[in-house]
Amino acid sequence: MEQTLDSTDIKILQQLQKNSRLTIKELAALVQLSPSPVFERMRRLEREGFIKKYVAVLDAEKIEHGFIVFCHLSMKQHSYENAQRIMQAVQDIPEIVECYNISGDYDFMLKIYTKDMKQYQQFILKILGDMDCIGSLHSTFVLGEVKNSYQLPL
(Lines give C-alpha, C1' and ligand atoms only; values in the text may rest on other atoms or scores of the structure.)
Protein backbone atom coordinates (compact mmCIF):
# COMPACT_ATOMS: atom_id res chain seq x y z
CA MET A 1 0.00 0.00 0.00
CA GLU A 2 1.49 3.33 -1.08
CA GLN A 3 1.59 5.92 1.65
CA THR A 4 0.66 9.46 0.68
CA LEU A 5 1.04 12.83 2.32
CA ASP A 6 -1.67 15.45 2.30
CA SER A 7 -1.01 19.18 2.59
CA THR A 8 -1.34 19.10 6.39
CA ASP A 9 1.20 16.27 6.67
CA ILE A 10 3.58 18.31 4.51
CA LYS A 11 3.11 21.39 6.71
CA ILE A 12 3.84 19.30 9.80
CA LEU A 13 6.98 17.84 8.25
CA GLN A 14 8.17 21.27 7.09
CA GLN A 15 7.79 22.70 10.58
CA LEU A 16 9.48 19.72 12.23
CA GLN A 17 12.42 20.01 9.82
CA LYS A 18 12.87 23.60 10.99
CA ASN A 19 12.52 22.76 14.68
CA SER A 20 11.86 19.24 15.92
CA ARG A 21 11.59 20.47 19.51
CA LEU A 22 8.26 22.17 18.92
CA THR A 23 5.61 21.07 21.37
CA ILE A 24 2.44 19.53 19.97
CA LYS A 25 0.60 22.69 20.94
CA GLU A 26 3.09 24.95 19.14
CA LEU A 27 3.08 22.73 16.07
CA ALA A 28 -0.73 22.64 16.02
CA ALA A 29 -0.85 26.44 16.05
CA LEU A 30 1.62 26.65 13.16
CA VAL A 31 -0.35 24.22 10.98
CA GLN A 32 -3.72 25.58 12.14
CA LEU A 33 -5.06 22.38 13.60
CA SER A 34 -5.91 21.28 17.13
CA PRO A 35 -3.26 19.38 19.13
CA SER A 36 -4.94 15.97 19.15
CA PRO A 37 -5.03 15.46 15.34
CA VAL A 38 -1.47 16.82 15.07
CA PHE A 39 -0.31 14.30 17.67
CA GLU A 40 -2.04 11.45 15.79
CA ARG A 41 -0.57 12.59 12.46
CA MET A 42 2.93 12.77 13.94
CA ARG A 43 2.65 9.25 15.32
CA ARG A 44 1.43 8.00 11.92
CA LEU A 45 4.30 9.79 10.13
CA GLU A 46 6.75 8.17 12.55
CA ARG A 47 5.13 4.73 12.28
CA GLU A 48 5.10 4.87 8.45
CA GLY A 49 8.75 5.92 8.33
CA PHE A 50 8.38 9.47 7.01
CA ILE A 51 10.03 10.65 10.23
CA LYS A 52 13.09 8.49 10.86
CA LYS A 53 14.36 10.10 14.07
CA TYR A 54 14.87 13.33 15.94
CA VAL A 55 18.41 14.63 16.45
CA ALA A 56 20.36 17.59 17.80
CA VAL A 57 22.59 19.21 15.17
CA LEU A 58 25.91 20.06 16.79
CA ASP A 59 28.40 22.78 15.87
CA ALA A 60 31.44 20.84 14.59
CA GLU A 61 33.79 23.75 15.26
CA LYS A 62 32.75 24.00 18.92
CA ILE A 63 33.38 20.31 19.52
CA GLU A 64 36.74 20.55 17.70
CA HIS A 65 35.74 18.47 14.69
CA GLY A 66 35.42 21.25 12.13
CA PHE A 67 37.85 19.87 9.54
CA ILE A 68 35.61 18.38 6.84
CA VAL A 69 36.85 16.05 4.12
CA PHE A 70 35.08 14.36 1.26
CA CYS A 71 37.00 11.18 0.58
CA HIS A 72 36.39 9.19 -2.58
CA LEU A 73 37.59 5.63 -2.50
CA SER A 74 37.89 2.79 -4.94
CA MET A 75 37.88 -0.86 -4.08
CA LYS A 76 41.04 -2.82 -4.80
CA GLN A 77 38.94 -5.41 -6.57
CA HIS A 78 35.27 -5.07 -7.43
CA SER A 79 33.48 -7.80 -5.54
CA TYR A 80 30.41 -8.14 -3.41
CA GLU A 81 32.58 -9.15 -0.43
CA ASN A 82 34.78 -6.03 -0.66
CA ALA A 83 31.77 -3.74 -0.99
CA GLN A 84 30.14 -5.40 2.03
CA ARG A 85 33.36 -5.10 4.08
CA ILE A 86 33.55 -1.36 3.37
CA MET A 87 29.85 -0.75 4.03
CA GLN A 88 30.04 -2.65 7.31
CA ALA A 89 33.31 -1.02 8.43
CA VAL A 90 32.06 2.55 7.98
CA GLN A 91 29.18 1.86 10.36
CA ASP A 92 31.64 1.65 13.26
CA ILE A 93 33.91 4.60 12.39
CA PRO A 94 32.58 7.73 14.13
CA GLU A 95 34.59 10.17 11.99
CA ILE A 96 32.67 9.00 8.91
CA VAL A 97 29.27 10.68 9.16
CA GLU A 98 28.03 9.88 5.66
CA CYS A 99 28.87 7.16 3.15
CA TYR A 100 27.46 6.74 -0.32
CA ASN A 101 27.98 3.95 -2.84
CA ILE A 102 28.44 5.94 -6.05
CA SER A 103 28.96 5.48 -9.77
CA GLY A 104 31.79 6.92 -11.82
CA ASP A 105 35.53 6.92 -11.14
CA TYR A 106 35.12 5.91 -7.48
CA ASP A 107 33.02 3.37 -5.63
CA PHE A 108 32.27 5.24 -2.41
CA MET A 109 32.14 8.82 -1.20
CA LEU A 110 32.67 9.47 2.50
CA LYS A 111 32.08 12.64 4.49
CA ILE A 112 34.58 12.74 7.32
CA TYR A 113 34.94 15.11 10.27
CA THR A 114 38.22 15.42 12.18
CA LYS A 115 39.91 18.05 14.32
CA ASP A 116 42.51 19.11 11.76
CA MET A 117 44.76 17.97 8.90
CA LYS A 118 47.10 16.11 11.24
CA GLN A 119 44.24 14.11 12.73
CA TYR A 120 42.93 13.37 9.23
CA GLN A 121 46.36 12.10 8.21
CA GLN A 122 46.36 9.74 11.21
CA PHE A 123 42.82 8.66 10.32
CA ILE A 124 43.89 7.79 6.77
CA LEU A 125 46.99 5.93 7.90
CA LYS A 126 45.52 4.04 10.85
CA ILE A 127 41.87 3.50 9.95
CA LEU A 128 41.33 3.51 6.19
CA GLY A 129 44.91 2.44 5.47
CA ASP A 130 44.35 -0.79 7.38
CA MET A 131 41.49 -1.83 5.11
CA ASP A 132 43.11 -4.04 2.50
CA CYS A 133 40.02 -3.96 0.27
CA ILE A 134 40.57 -0.26 -0.53
CA GLY A 135 42.55 0.35 -3.71
CA SER A 136 42.80 4.13 -3.82
CA LEU A 137 41.68 7.27 -2.01
CA HIS A 138 41.12 10.83 -3.18
CA SER A 139 40.58 13.51 -0.52
CA THR A 140 38.91 16.88 -1.05
CA PHE A 141 39.23 19.34 1.82
CA VAL A 142 36.42 21.76 2.57
CA LEU A 143 37.65 25.35 2.65
CA GLY A 144 34.35 26.85 3.74
CA GLU A 145 30.76 25.78 4.19
CA VAL A 146 28.35 27.63 1.90
CA LYS A 147 25.18 25.69 2.66
CA ASN A 148 24.44 22.82 4.98
CA SER A 149 20.74 22.11 5.28
CA TYR A 150 19.06 19.09 6.79
CA GLN A 151 15.71 20.08 5.32
CA LEU A 152 14.43 18.03 2.41
CA PRO A 153 12.28 19.74 -0.21
CA LEU A 154 8.60 18.93 0.23
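A pocket here is an open set of grid points with protein on both sides within 12 Å along at least five of seven lines, and its lining residues have an atom within 4 Å of a point. The model is predicted. With that definition in hand, start at the pockets.

The largest pocket has a volume of about 1400 Å³. Its lining counts 30 residues. Nearest the centre lie Lys53, Tyr54, Val55, Val57 and Tyr150. H1 supplies the largest share, four residues. By class, the lining of the largest pocket splits into 18 nonpolar, six polar and six charged residues.

The second largest pocket has a volume of about 250 Å³. Its lining holds 13 residues. Ala60, Ile68, Tyr113, Glu145 and Asn148 are the ones nearest its centre. Eight of the lining residues are nonpolar, two are polar and three are charged.

How many of the seven residues of S3 are buried? Six are, so S3 is largely enclosed by the rest of the structure. S3 has two strand partners to follow here. Strand S1 (residues 67-75) pairs with S3 in the antiparallel sense, over seven bridges. In that pairing, Phe67 stands opposite Thr114 in S3. S2 also runs antiparallel to S3, and five bridges join the two. Here Asn101 stands opposite Phe108 in S3. The hairpin of S2 and S3 has six residues between the strands. In this hairpin, Gly104 takes a positive phi near 110°.

Next comes helix H5 (residues 117-126). Tyr120, Phe123 and Ile124 are buried in H5. Seen down the helix axis, the buried residues of H5 fall within an arc of 95°, so they line one face. An α-helix has 3.6 residues a turn, so residues three or four places apart point the same way. What do the buried residues of H5 pack against? They pack against S1, S2, S3 and strand S4 (134-141). The other side of H5 shows Lys118, Leu125 and Lys126, which are exposed.

Helix H4 (residues 80-91) contains Ala89. Is Ala89 buried or partly exposed? Ala89 is partly exposed, because its relative accessible area is 23% and the buried class ends under 20%. Ala89 and Ile127 are 38 residues apart in sequence. In space, their C-alpha atoms are 9.8 Å apart.

Most residues other than glycine have a negative phi. Gln32 has a positive phi, near 60°, and is not a glycine. Where is Gln32 found? Gln32 sits in the loop between helix H2 (24-31) and helix H3 (35-47). With a relative accessible area of 70%, Gln32 is exposed, because the exposed class begins over 50%. Glu64 also has a positive phi, of about 60°, although it is not a glycine. Glu64 lies in the loop between H3 and S1.

Note on methods: Residues numbered from 1 in each chain as written. Predicted model: local features only at pLDDT ≥ 70, side-chain atom pairs only at ≥ 80, totals over all residues. Heavy atoms only, no water. 1 Å grid on protein atoms, 1.4 Å probe; cavity = no way out; pocket = protein on both sides within 12 Å on 5 of 7 lines; lining within 4 Å. Points joined across faces, edges and corners; volume = space filled by probe spheres on them. Nonpolar A, V, L, I, M, F, W, Y, C, P; charged D, E, K, R; others polar. Buried < 20%, exposed > 50% of the residue type's maximum accessible area, 1.4 Å probe, protein only. Pairing = 2+ DSSP bridges. Arc of directions from axis to C-beta. Contact = heavy atoms within 4.5 Å.
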